[in-house]
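We will go from stop to stop, selecting a few residues each time.

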Amino acid sequence: MNFDPGPHSNGNGNGNGRLPTSERLGFGVVGYGYWGPNLARNIAESDDFRLLGLCELDEDRIADFQSRYSEVKVEREFDAMLADPDIDAVAVATPPVTHHGLAKRALEAGKHVLVEKPLAVGSAQAVELIQLSREVDRVLMPGHTFVYSPAVNKVDELIREEVLGEIYFVTSSRMNLGKYQRAGVVQDLAPHDLSILLHWLGQPVVQAAASGRSVFQAGVPETAFLTLTFEGGTQANVQLSWLAPRKLRQMLIVGSERMVQYDDSDADESVKVYDRGLEFDAPANFGEYRASYRAGDIVSPRIDATEPLALELADFAGAIREGTIPRSSAEFGLQVVLALEALERSFERGGEPVRIPEEVLANVGGRPPAAAAGAGAAL
């Protein structure tokens with residue numbers, strides 16, 4: 001079952017607040033740490049936006065920003081940026097624990113909001129932001145950049161065109177040496193895999209389990225093993241780690257007709273389609289089982305080189321101007337947050353599988369209300 005954004009024009013409350021398509025939208029960036037420079041560069045290069053401001057406290061980061069964008073105003077106080085009538089939208093690129101508060105203030109000030117993943121650190125916060133965005137008629141969009149990756153969308157195309165057949169399962173490995181975060185490896189890395197899987201499968205996660213190891217600090221896992229069950233029965237196993245000798249970002253999708261390997265670290269052949277599989281015939285009575293293996297060609301399709309963040313910003317602009325539903329909608333972001341909550345709860349319970357309450361999605365229009373009737377136990 002696909003996600004239903006509810007009876008709103010774009011699932012984010014954007015209706016009458018659209019701007020003429022000829023105008024470039026004024027954009028302010030909050031935070032210039034890890035992701036802020038990428039946002040600033042893409043906004044400055046965009047035909048849809050004008051980079052009008054930065055809100056940052058760190059003087060070294062401010063100096064770096066001003067060396068690149070000397071004409072752009074810098075504010076130390078967020079309220080000063082929000083008071084600028086020329087700024088139509090705000091990008092929040094700060095630590096996740098601050099996302100809810102900053103996004104809420106921006107929406108209340110009448111700004112459209114692009115907030116980096118995750119949308120919030122809890123589903124209650126995410127739901128509050130979604131409802132507020134509808135009340136003030138402004139776009140709220142989480143920045144799940146991977147769903148704009150041309151390679152990820154090539155795989156999505158193969159799935160939609162049924163080239164792979166029935167999807168049996170997905171495995172994923174996302175590992176590197178660092179970067180250590182206080183929230184743990186699940187909160188740091190899992191949003192990437194969750195957003196890709198939700199995009200590919202088009203179904204919500206209904207059950208999640210997580211186990212792992214905290215080596216250096218209790219309660220802060222550096223390595224985690226996740227098992228995700230989707231509504232249609234497809235399972236995905238995800239391995240995350242900050243303690244790996246090399247960078248690995250690889251996913252394998254196994255279907256009844258073909259298999260696909262997506263390797264984000266391979267610049268030349270990020271997607272490989274394997275015409276390989278197993279055909280299994282069960283005996284009618286008590287004869288021997290028969291299995292035949294198929295080993296065909298390996299094809300690496302051409303992938304566009306467009307930067308995903310540029311596509312994300314174009315989608316954000318379309319949602320503001322035309323009321324379209326962005327690929328990374330607020331409801332999509334809520335799906336990710338719900339799965340993260342379930343994974344964290346499972347980790348606390350020693351790996352016990354945790355069901356995800358579907359009624360949360362129904363209440364915000366994330367799926368038809370009737371689907372909540374058979375919801376599993378609440379977190």
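What follows is a short tour, from the whole chain down to single residues.

**Before you start**

This is a predicted model, in which local features need pLDDT of at least 70 and side-chain atom pairs count only at pLDDT 80 or more, while totals for chains, interfaces and linings use all residues. Residues are numbered from 1 along each chain as its sequence is written, and side-chain values use heavy atoms, with hydrogens and water left out.

**Stop 1: the whole protein**

Show the cartoon view. The protein has 10 helices and 15 strands; these are DSSP runs numbered from the N terminus, with helices (H or I) of at least four residues and strands (E) of at least two. Of its 379 residues, 51% are buried. Here buried means under 20% relative accessible area, exposed means over 50%, and partly exposed is in between (1.4 Å probe, protein chains only).

**Stop 2: helix H8**

Select residues 308-322, which form helix H8. Its 15 residues reach 21 Å from the first C-alpha to the last, close to the 21 Å expected at 1.5 Å a residue; the expected span is 1.5 Å times one less than the number of residues. Buried residues of H8 include Leu 309, Phe 316 and Ile 320. What do the buried residues of H8 pack against? Their partners include helix H1 (36-45), strand S1 (25-30) and strand S2 (49-55). Step just past the helix to find Gly 323, with a positive phi of about 75°.

**Stop 3**

Select Glu 307 and Arg 41. Their side chains meet in a salt bridge (2.9 Å, N to O), the term for a side-chain nitrogen of Lys or Arg within 4 Å of a carboxyl oxygen of Asp or Glu. Glu 307 is partly exposed at 30% relative accessible area, and Arg 41 is partly exposed at 28%. A search of the whole structure finds 17 salt bridges.

**Stop 4: helix H9**

Move on to residues 330-348, helix H9. Is H9 largely enclosed or largely open? Because 14 of its 19 residues are buried, H9 is largely enclosed by the rest of the structure. Then pick Glu 331 and Arg 134, which form a salt bridge with the closest N and O atoms 2.7 Å apart. Glu 331 lies in H9 and Arg 134 in helix H5, so the pair ties together parts 197 residues apart in sequence. Glu 331 is buried at 4% relative accessibility, and Arg 134 is buried at 17%.

**Stop 5**

Most residues other than glycine have a negative phi, and most peptide bonds are trans. Select Lys 117 and Pro 118: the peptide bond from one to the other is cis, with omega near -10°. Pro 118 is in the loop between strand S5 and helix H5 (123-136). Next comes Asp 137, whose phi is positive, near 60°, and which lies in the loop between H5 and S6. Glu 162 also has a positive phi near 60°; its place is the loop between helix H6 (150-160) and S7. Asp 137 is buried at 17% relative accessibility, whereas Glu 162 is exposed at 62%.

**Stop 6**

Select Thr 223 in strand S9 (residues 223-230). Thr 223 is buried, at 14% relative accessibility. Among the residues that Thr 223 touches are Val 185, Arg 213 and Leu 243; contact means heavy atoms within 4.5 Å.

To finish, select Leu 177, Tyr 180, Val 215, Phe 216 and Leu 243, which make a nonpolar surface patch of about 520 Å². Patches are made of residues with over 30% relative accessible area and no salt bridge, joining like charges within 9 Å and nonpolar side chains (Val, Leu, Ile, Met, Phe, Trp, Tyr) within 5 Å. Tyr 180 is partly exposed at 38%.

Key: Accessible areas come from the Shrake-Rupley method with a 1.4 Å probe; for residues, only the protein chains shown count as cover. Lists of a residue's contacts leave out its neighbours within four places in sequence.
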